[in-house]
Amino acid sequence: MPIPVVQLGTGNVGVHALKALITNPRFELTGVWVSSEAKSGKDAAELAGLAESTGVLASTDLDAVLATGPQCAVYTALADHRLPEALEDYRRILAAGVNVVGSGPVFLQYPWQVIPEDLIAPLESAAQEGNSSLFVNGIDPGFANDLLPLALAGTCQNIQQIRCMEIVDYATYDSHTVMFDVMGFGKPLEEIPMLLQSGVLSMAWGSVVRQLAAGLGITLDEVAEVYAREPAPEDFDIASGHIAKGTAAALRFEVFGMVNGDPVVVLEHVTRLRGDLCPDWPQPAQPGGSYRIEITGEPSYAMDVCLGSRLGDHNHAGLVATAMRVVNAIPAVVAAPAGIRTTLDLPLVTGRGLYVPG
């Protein structure tokens with residue numbers, strides 16, 4: 001029997017999740033939640049870019065969508081700039097007895113010792129009340145820095161460091177809120193955006209280093225962070241807006257999980273808005289961007305993950321991968337014990353049922 005599901009959010013990630021929920025026979029779409037009146041009342045197929053009507057109409061009423069009887073909700077609503085609201089959404093969904101897979105907030109990938117306990121406890125309580133599970137993942141934070149590095153680590157004799165890197169040109173990433181308000185691109189360098197406020201990097205990507213440490217069975221002494229920004233050499237435009245000369249156009253940051261003064265697990269991001277910026281910073285393995293996993297140990301590893309798509313560029317491929325990491329995990333999350341679940345808890349998701357002829 002197909003699993004009844006609802007889609008919550010139909011933005012950059014949600015549109016790909018919605019298409020999968022409609023077209024994959026393992027799922028039965030029962031509802032769609034949207035945040036804008038412009039989308040309310042539209043057929044799910046129209047929102048997903050599909051021709052054949054589903055008969056499922058989008059609604060701005062979350063309670064009405066949850067009342068359609070889903071076993072699982074796919075939550076892809078933008079959360080970075082509305083954390084209290086997103087956490088309350090999760091609490092309501094879990095308490096209603098509906099399992100949830102989501103793409104954010106990213107710290108829920110592995111929240112322990114990352115966010116305050118008083119933010120975790122309501123979610124855990126709601127999950128127990130509703131006998132429901134929550135799994136938040138994606139690509140980064142997500143499979144590029146939990147599933148893949150931990151799989152490689154499982155083939156080592158010893159390990160001194162795991163470093164996970166995202167090296168990506170974000171020029172075609174079309175979200176003004178994320179690019180300008182959250183990450184601070186196009187802003188004066190003296191203006192510190194939300195992402196770079198003290199402790200925010202360690203909260204968002206602390207989930208990565210904490211989960212890697214848990215996978216290695218080690219306790220971190222502390223989590224530290226550093227960043228650098230570089231200005232635009234001239235005016236230019238990106239998909240989400242205008243970048244003026246002298247404003248932020250490149251960002252590099254690292255989040256370190258420290259043990260006895262050594263950075264044992266490291267998350268590094270190198271984000272450019274043009275490929276020619278900061279040539280001395282790490283370069284991707286393919287034009288546009290890639291993910292890199294480096295393990296120093298016996299044996300040592302260096303693995304580059306290069307995303308591509310016949311329907312778009314590397315950023316398009318990343319959005320699809322983020323959506324499908326959580327959508328394809330739905331059966332495992334529905335079957336999991338109640339509570340916040342992580343990659344360390346779930347069985348391997350293999351892509352069963354996804355083959356289509358060439």
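Two strands count as paired if DSSP finds at least two bridges between them. The model described here is predicted.

**The mixed sheet**

With that definition in hand, the pairing of strand 7 and strand 12 can be read in detail. Strand 7 (residues 158–169) runs parallel to strand 12 (residues 262–272), and the two are joined over 8 bridges. Within this pair, Val168 has Thr271 of strand 12 opposite to it. Helix 9 (residues 206–216) packs on the sheet and touches strand 7, strand 8, strand 11 (248–259) and strand 12. The direction of helix 9 makes about 145 degrees with that of strand 12.

The sheet itself is open and has 6 strands in the order 8-11-12-7-13-14, with mixed pairing. Strand 8 (222–231) and strand 14 (301–305) stand at its edges; each has a single partner strand, so one side of each is left without a neighbour in the sheet. On average, neighbouring strands of this sheet are turned by 10 degrees against each other, direction ignored.

An open sheet of 7 strands shows parallel pairing, in the order 3-2-1-4-5-6-15. Its edge strands, strand 3 (58–59) and strand 15 (339–341), each pair on one side only. Strand 1 (residues 3–8) and strand 4 (residues 72–75) are paired in the parallel sense over 4 bridges. Here the bridge partner of Val5 is Cys72, in strand 4. Helix 4 (residues 83–95) packs on this sheet, where it touches strand 1, strand 2 (27–33), strand 4, strand 5 (99–102) and strand 6 (133–136). Its direction makes about 170 degrees with that of strand 4.

**Helix 10**

Helix 10 (residues 314–327) has 14 residues and reaches 20 Å from its first C-alpha to its last, close to the 20 Å expected at 1.5 Å a residue. Of these 14 residues, 11 are buried, so the helix is largely enclosed by the rest of the structure. Among the buried residues are His314, Leu319, Arg325 and Val327. The N-terminal end of helix 10 is capped by Asp313, which has a side-chain oxygen 3.0 Å from the backbone nitrogen of Asn315.

**Salt bridges**

Side chains of opposite charge can pair when their charged atoms come close. A search of the whole structure finds 11 salt bridges. The table lists some of them.

| Salt bridge | N to O distance |
|---|---|
| Asp89 and Arg82 | 2.9 Å |
| Arg91 and Glu88 | 2.8 Å |
| Arg252 and Glu268 | 2.8 Å |

Asp89 has a relative accessible area of 7% and is therefore buried, the cut-off being under 20%. Arg91 and Glu88 both lie in helix 4, 3 residues apart, which is about one turn of the helix. Arg91 is partly exposed, with a relative accessible area of 29%, and Glu88 counts as partly exposed at 34%.

The salt bridge of Arg252 and Glu268 links distant parts of the chain, with Arg252 in strand 11 and Glu268 in strand 12, 16 residues apart. Arg252 counts as partly exposed at 25% relative accessibility, whereas Glu268 is buried, with a relative accessible area of 3%. Through salt bridges that share partners, Arg163, Arg252, Glu254 and Glu268 are joined into one network.

Note on methods
Residues numbered from 1 in each chain as written. Predicted model: local features only at pLDDT ≥ 70, side-chain atom pairs only at ≥ 80, totals over all residues. Heavy atoms only, no water. Axes fitted to C-alpha atoms, helices over the stretch in contact; angles between N-to-C directions. Contact = heavy atoms within 4.5 Å. Expected span 1.5 Å × (residues − 1). Buried < 20%, exposed > 50% of the residue type's maximum accessible area, 1.4 Å probe, protein only. Polar contact = N/O pair within 3.5 Å; in protein donor to acceptor, adjacent residues only side chain to side chain. Salt bridge = Lys/Arg side-chain N within 4 Å of Asp/Glu carboxyl O.
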